[in-house]
Amino acid sequence: MEHLNSIQDNLKTINDDDIHYLDLFDYPEFFYGNVNNIENTDFCKYPKIIQEEMKEYEPIAIREMNNYNSSPTGVRLRFNTDSKRLIFKVELKRKWDYQKLNNLNSSGFDVYCIDGTSYIHQEVFSPGHGYNIFAKEITTPENGNICIYLPSYNSINRFYIGIEKDCKINELNYPKNKQLPIIFYGNSVTQGAAASRSGNSFPNIVSRKLNRDIVNLSCSSCCKGTQNTADLIGSMNCHAIIIDYTQNAYDTNIFRNTHERFYKKIRQYHPDIPIILLTTANFNFWRAYNDFDVIVENTYNNAIFRSENTFLINQKELFNEDEYDYVAVDKSHFTDYGMFKIAERICDIIRE
Amino acid sequence: MDLLKIKEKSKGVYHFKINANRFQIHYKVTNIKEGYYPHLGVTAREGLVLLYKHPQKELWASIEAYHNSNLGYVNMSHMLSDNISYEVLLYTPLLSDLEELIIETDDEHHIEYIDDNDNPQILVCGGSTSFGMGCTTVSLMFSNILARKLVANITNVSFDDKDYIRRLRECRITDSHNKYAVGIIELNEIDFDEKSSTYLKELINDLNSCCDITIGWYYLEEATAVCEEVLKEEVNNASIILKDVSHILNDENRDMCSYGNGYINDSGNILIFKELFSTICEVTKWNI
């Protein structure tokens, strides 16, 4: 790892004499899970109309939408290469750590080798607190198949890959029957807080366990279950949808008025695919969230009554109450231990 | 209540009882250690973490994790009614010092410091994992989970240093004349040269002299399995229970528990806690 003042700086500790660099933003085909993949590579999740909607809510929603809409949460850089060495040159937007997130998650590039359907963790790198521009060399796994989970809570301003001269880099698609993505819509937990590294948010774990494409539309504090968001999700062709809309509603009445309406709107667009509803991820006995969970259960029960292809995961019931003090780093944000449990349950339902 | 006046200014945990469902924490962090710590949460480096024991359920749960830029306004009204008495654990940061730590509430409520000295005493010593490196918050260190679940008082003497066995030996843990029900020592990444072997043997002797039971734990990757044999030989004649927790790095758990850079994350700490908890319950026959 070499920290840089400018992305144009010559490298001092990494030898890049025989390396040529590609601007990855010119190669959107290498990125998976990016909503705007066809037009450009800016990683923006939401169109202007949904960004603007946050003005109707509390100030934190506006701030977090500005901070995270362009964060490549759940986006993967996948490719095959015959270059034995790779050098990444990256300029991130933010230099500083977040209160409840490890830097290797918020700003982490989490590297896996893909061997058949298996993902073997190689390493994770990030610039560290106080830095945002860096170069990092990694050794390519023998088969040249790489999947890198991008930062969960930072934006990428510039992104270059250096490969050995005369070597090639090619797309690494998911198998044909796994290309239709699973869509995740949720809050800060679903965005990935507080996994230890970016690859270990539960949507990313699901992508590995099922070897399937995903799209993570989650944005901390901005999960409001709006009709425009339902329209956006409705417009996307997908394999399944995970709705983790709960705690960002802030108020029980608002939640009661919006949860089922949001679900029904999405169901209109996708009458047959599996939709999984999640209850609150709350692990400190916050009383109002019991009411939230009842509302989610009502939406689920009504859907089952209509014979819809809908499932419910009660996140609290995945754990014993005496595990609550280590399931999450605070009242809600899962450790990897929690992330793997919820991911496994989602995979079980989708496999069924 | 000025917690630093009650308990000496040292890294660790403060335990108190309070009957206000709203209170404030005034704290000032100093001497923040500079360095590259992307595998350690900000709150573990320079913040506070608070847990409370739910008075009816008798279970610990999180209140909040604070960064040093916060003044801690604690609002428990979502979980508890006012004037209900409950216990709080406050964990201090790993890579900085506290200059101020005051809990404030209005005159109608009271705060009472809880002295845990009558609880079973456990000594935890080791290297970077025991120190807490890899954790997002201090409350997720295996030693602190153990303390909560065993209702024990933990003394943690650990170093984020590969040469931690030498440094532990130089600490002369027996000099304090403290006695412990259980001693737990991390046995990872030890260089089995002559000096380290001597330090290790002396250290285990020290532990055995001040602890009723000594447990050594280690995780080894497949490539270093030979170390396990060496380790067993080194401690063969000592009275120590060896606990292999290498399953945290097996195919099933590696992705969940490790960063791939030698550090173990929160989940690794949780699995280490589970192993040590069951071993301690088994050998001490404590009724947990």
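1. Pairing is taken to require at least two bridges found by DSSP between two strands, while helices (H or I, at least four residues) and strands (E, at least two) are DSSP runs numbered from the N terminus.

2. On conventions, this is a predicted model in which local features need pLDDT of at least 70 and side-chain atom pairs count only at pLDDT 80 or more, whereas totals for chains, interfaces and linings use all residues. Residues are numbered from 1 along each chain as its sequence is written, and chains are lettered from A and ligands numbered from 1 in the order in which they are written.

3. Chain B also holds an open sheet of three strands, in the order E5-E2-E7, with antiparallel pairing. Because strand E5 (72-75) and E7 of chain B each have a single partner strand, they stand at the edges, and one side of each is left without a neighbour in the sheet. From one strand to the next the twist averages 20°, with axes being lines fitted to C-alpha atoms (for helices over the stretch in contact) and angles running from 0 to 180 degrees between N-to-C directions. Strand E2 (residues 22-30) of chain B meets E5(B) over four bridges in the antiparallel sense, and Phe23(B) has Val74(B) as its bridge partner there.

4. Strand E7 (residues 97-104) of chain B contains Leu98(B), which counts as buried because 21 C-beta neighbours lie inside 10 Å. The term buried applies when 20 or more other C-beta atoms lie within 10 Å of a residue's own, exposed when there are 12 or fewer, and partly exposed in between, with C-beta atoms placed from the backbone. Between Leu98(B) and Ser81(B), 17 residues apart along the chain, the C-alpha separation is 31 Å.

5. For helix H9 (residues 266-284) of chain B, the 19 residues should span 27 Å at 1.5 Å a residue, and the end C-alpha atoms are 26 Å apart, so the two values agree; the expected span is 1.5 Å times one less than the number of residues. Among the buried residues of H9(B) are Asp266(B), Asn269(B), Phe273(B), Leu276(B) and Ile280(B). After H9(B) comes Lys285(B), with a positive phi near 60°.

6. Turning to chain A, five strands form an open sheet with parallel pairing, in the order E13-E12-E14-E15-E16. Strand E13 (214-216) and strand E16 (310-313) of chain A are the edge strands, each pairing on one side only, and neighbouring strands of this sheet are turned by 15° against each other on average, direction ignored. Within the sheet, E12 (residues 182-185) and E14 (residues 240-243) of chain A run parallel and are joined by four bridges, with Phe184(A) opposite Ile242(A).

7. Helix H10 (residues 336-351) of chain A lies across E12, E14, strand E15 (275-278) and E16 of chain A, at about 160° to E16(A). Helix H7 (residues 252-269) of chain A has a kink of about 25° centred on Thr258(A), the bend at a residue being the angle between axes fitted to the seven residues ending there and the seven starting there. The buried residues of H7(A) include Phe255(A), His259(A), Glu260(A) and Arg267(A), and their cover includes helix H6 (227-234), E14, E15 and helix H8 (288-305) of chain A.

8. Strand E4 (residues 76-81) of chain A is mostly covered, with five of its six residues buried. E4(A) pairs in the antiparallel sense with strand E9 (residues 145-149) of chain A over five bridges and with strand E11 (residues 169-171) of chain A over three bridges. Asn80(A) stands opposite Asn145(A) in E9(A) and opposite Asn170(A) in E11(A).

9. The contact between the chains takes 35 residues from chain A and 36 residues from chain B, where two residues are in contact if their C-beta atoms, placed from the backbone, lie within 7 Å. On the side of chain A that touches chain B, E7(A) gives the most, with four residues.
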